[in-house]
Amino acid sequence: KLDGYAYPEVEVGFLHEPAEQALFTALMDKKIQVMPFLEQGAYTKALSEMASLREPVDTFFDQVMVNVEDPVLRT
């Protein structure tokens, strides 16, 4: 939860593609490092840390159908 917004929990069981599993793992690892910066308002540091996610994000969008017809999977 950040600034009063609660993000939905990811249903890990719906992550079937290796690229989406890898991105989720990378995000969870990076979250530990980034959240303290966000809470302190150190946005430049947070963005700098998040830049290392470029490869798993690019791979995700290259290999995963993000507009899948099933609304549960799409969410």
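Begin at Lys31, where helix α1 bends by about 45°; the bend is the angle between axes fitted to the seven residues ending at a residue and the seven starting there. The model is a predicted one, in which local features need pLDDT of at least 70, side-chain atom pairs count only at pLDDT 80 or more, and totals for chains, interfaces and linings use all residues. Residues are numbered from 1 along each chain as its sequence is written, and side-chain values use heavy atoms, with hydrogens and water left out.

Next, select residues 18-40, which form α1. Helices are DSSP runs (H or I, at least four residues) numbered from the N terminus. From first C-alpha to last, the 23 residues of α1 reach 33 Å, close to the 33 Å expected at 1.5 Å a residue; the expected span is 1.5 Å times one less than the number of residues.

Within α1, select Lys30. Lys30 counts as buried because its relative accessibility is 13%, buried meaning under 20% relative accessible area with a 1.4 Å probe, protein chains only.

Now display the side chains of Glu49 and Ser52. Lys30 makes a side-chain polar contact of 3.1 Å with Glu49 and another of 3.2 Å with Ser52. A polar contact is a pair of N or O atoms within 3.5 Å, one able to donate a hydrogen and the other to accept it; residues adjacent in sequence count only if both atoms are side-chain atoms. Beyond four places in sequence, Lys30 is in contact (heavy atoms within 4.5 Å) with Glu49, Ser52 and Leu53.

Technical notes
Helices (H or I, at least four residues) and strands (E, at least two) are DSSP runs, numbered from the N terminus. Buried means under 20% relative accessible area, exposed over 50%, partly exposed in between (1.4 Å probe, protein chains only).
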